[in-house]
Amino acid sequence: MVARVIPVDCFDLVIFGATGDLARRKILPGLYRRWKEGQIPEGAVIIGAARSEMNVDGYREMIRAALDEFLNPSERDPEVMQSFLAMLDYVAIDARGEGGWKALAGKMRGDMVRAFYLSVAPALFGDIAARLHEHGIANRASRIVVEKPFGNDLESARALNDVLAGHFHEDQIYRIDHYLGKETVQNLMAVRFANILFEPLWNAQFVDHVQITVAETVGVGGRGDYYDHSGAMRDMVQNHMMQLLCLIAMEPPHHFEPDAMRDEKLKVIRALDPLAPGDLVRGQYSGDGGDDYLLESGNPDSMTESFIAMKLQISNWRWKGTPFYLRTGKRLKSRVSEIAVTFKEPPHSIFGESNLWRENVLVIRLQPDEGMDLRVMIKEPGPGGMRLKDVALDMSFAEALGNDLDIPDAYERLIMDVIRGNQTLFMRGDEVEAAWAWVDPVIAAWEARGDRPEPYDPGSTGPEGALMLMHRDGRRWREIR
Ligand code: NAP
């Protein structure tokens, strides 16, 4: 089955930070794929902007090399690549200087969607936003896209919101959380709100607990210095994991529409109980070889966590009493992102004690191999009486929808949403602030206590304390395979 591609309107897209890692590895390869699929119309222009002095040919060469490096061989098509590169332009601009802005203004065309993607350090957001206005480059119809990290705490997030609000209205600001662009995440919305099956069970009466896991096998690598000022709580929980939590826990919005969705997500964050110290475990990988956090971060005294596990409670009618367990970490056994909704046992087993009940679990896999499975009990086939067995009703998107289905990468989908002017999958300013308002006191409390992260072996499932967090509640984490 081939996905139906609806072309977007013609646009001028300016990428600030166009020579950087994110632009070369994700943004431009993503745009290439959308061009190849026919979603980007002829006449669209992508303008790279960064300080490096080079002409347009130099920039096209740089991006040709990036496409060679970051696309799969099967995606490369010399003719398509040629026409894609012809769409690129380049201006040398220092966000903090005066040169280049007039040239950029001269490249903007009248009746086009105009979007500015700020793939640069957040410290530059204010300078760029201000100059776009000073030079008449941005107008009321323009859109501005900003990357994570959106602040390091509530105060800095507020400052960024204020800076952007000084030049753009909220309906023009697209704060990217690429987790929201994943196919499965949107399918979670479809499963919850397009079927009658789950919604009646989607509450504390029937759901025993929810687990959200984002496990990585990589360490901090070359990002050690950046990561050491951040840690798992800021880097993963405050944004991606809280967004996933919101999508699982939110009430049905009246419409699949940006503000309706974001209003409901905000209510979830506001209903989170403050975290009790005993409901938190922080870890740091500690190995004999090069795979040691203290070595990789370059900070031998670091107290930063590369792993975190937490038990969260949502105080509202729907969820009171159902815990949400979150865990994320680096250098773990395998790379897995999934949400598992575990339902309660039936009140009475008619099949007797020998048929131990295993829970129904709905697993939503974000990676690898996006899909869902629902574990249900069936009779074990064959003679020997009524023996029960739990099996998975498995839906791998690739299998269910055809192996040749082209599922756009999260970045591709989100950039096309910017061009369409659809903010549904982007975070609103008040959501980001509410998430920081919950996270800040948790961090302040562990800093005040001087808590050291618990060491864990690289390649393991995390520190012992994380297992205990579950065991004491008579539960266990799903296996990280
Ligand atoms: P990077 O590789 O360091 O690239 C930074 C880019 O900004 C370069 O193109 C650089 O080009 C440009 N730049 C720096 N100072 C500038 C200035 N004064 N004026 C104009 N351009 C300037 O960083 P990155 O990894 O691409 O990340 C970009 C942003 O995305 C960061 O905020 C990062 O946190 C975020 N992010 C990155 C990733 C990722 O996977 N890389 C993932 C999520 C979020 P010149 O030196 O030529 O000016």
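**Close-up views of cavities, a pocket and helix packing**

**Figure 1. Leu 180, Val 185, Gln 186, Met 189, Leu 247, Met 261, Lys 265, Thr 424 and Leu 425 form the lining of the largest cavity.** This view, like those that follow, comes from a predicted model. Helix α7 gives the most, with 3 residues. Sorted by class, the lining of the largest cavity has 6 nonpolar residues, 2 polar ones and 1 charged one. If you are wondering how many such spaces there are, a search of the whole structure finds 2 cavities of 30 Å³ or more.

**Figure 2. The second largest cavity holds about 30 Å³ of space.** Around this cavity you will find Glu 216, Tyr 227, Ala 232, Asp 235, Met 236, Ser 306, Thr 328, Gly 329 and Lys 330. At least two lining residues come from each of α9 (231-249) and β10 (324-329). The largest share belongs to α9, which provides 3 residues. The classes in the lining of the second largest cavity are 3 nonpolar, 3 polar and 3 charged residues.

**Figure 3. The second largest pocket contains about 810 Å³ of space.** Its lining is made of 29 residues, and those closest to the centre of the pocket are Arg 375, Arg 476, Arg 478, Glu 479 and Arg 481. Several strands take part: β7 (207-215), β11 (336-343), β12 (361-367), β13 (371-379) and β14 (388-396) each contribute at least two residues to the lining of this pocket. By class, the lining of the second largest pocket comprises 16 charged, 8 nonpolar and 5 polar residues.

**Figure 4. Helix α1 (residues 21-36) packs against helix α3 (residues 78-86) at an angle of about 115°.** To read this view and the next, remember that two packed helices are described by the angle between their axes and the distance between the axes. Here the axes of α1 and α3 lie 10 Å apart, with the angle at about 115°, which means that α1 is roughly perpendicular to α3. The crossing of α1 past α3 is right-handed. On the α1 side, the contact is made by Leu 28, Leu 31, Tyr 32, Trp 35 and Lys 36, and on the α3 side by Val 80, Met 81, Ser 83 and Phe 84. In the contact of α1 with α3, 7 residues are nonpolar, 1 is polar and 1 is charged.

**Figure 5. Helix α2 (residues 56-70) crosses α3 at roughly 140°.** The axes of α2 and α3 come within 10 Å, and their angle is roughly 140°, so α2 is oblique to α3. Helix α2 passes α3 in a right-handed crossing. From α2, the residues to look for are Arg 60, Ile 63, Arg 64, Leu 67 and Asp 68, and they meet Met 81, Gln 82, Phe 84, Leu 85 and Ala 86 of α3. The contact of α2 with α3 divides into 6 nonpolar, 3 charged and 1 polar residues. Keep an eye on Met 81 and Phe 84 of α3 when you move between the last two views: both take part in the contact with α1, and both take part in the contact with α2.

Definitions and conventions
Residues are numbered from 1 along each chain as its sequence is written. This is a predicted model: local features need pLDDT of at least 70, side-chain atom pairs count only at pLDDT 80 or more; totals for chains, interfaces and linings use all residues. Side-chain values use heavy atoms; hydrogens and water are left out. Axes are lines fitted to C-alpha atoms, for helices over the stretch in contact, and angles run from 0 to 180 degrees between N-to-C directions. Helices (H or I, at least four residues) and strands (E, at least two) are DSSP runs, numbered from the N terminus. Angles under 35 degrees count as roughly parallel, over 145 as roughly antiparallel, 65 to 115 as roughly perpendicular and the rest as oblique. A crossing is left-handed if the near helix is turned anticlockwise from the far one by less than a right angle, and right-handed if clockwise. Contact means heavy atoms within 4.5 Å. Ala, Val, Leu, Ile, Met, Phe, Trp, Tyr, Cys and Pro count as nonpolar, Asp, Glu, Lys and Arg as charged, and the others, Gly among them, as polar. On a 1 Å grid over the protein atoms alone, a cavity is a set of points where a 1.4 Å probe fits but cannot get out, and a pocket is an open set with protein on both sides within 12 Å along at least five of seven lines; lining residues have an atom within 4 Å of a point. Grid points are joined across faces, edges and corners, and a volume is the space filled by probe spheres set on the points.
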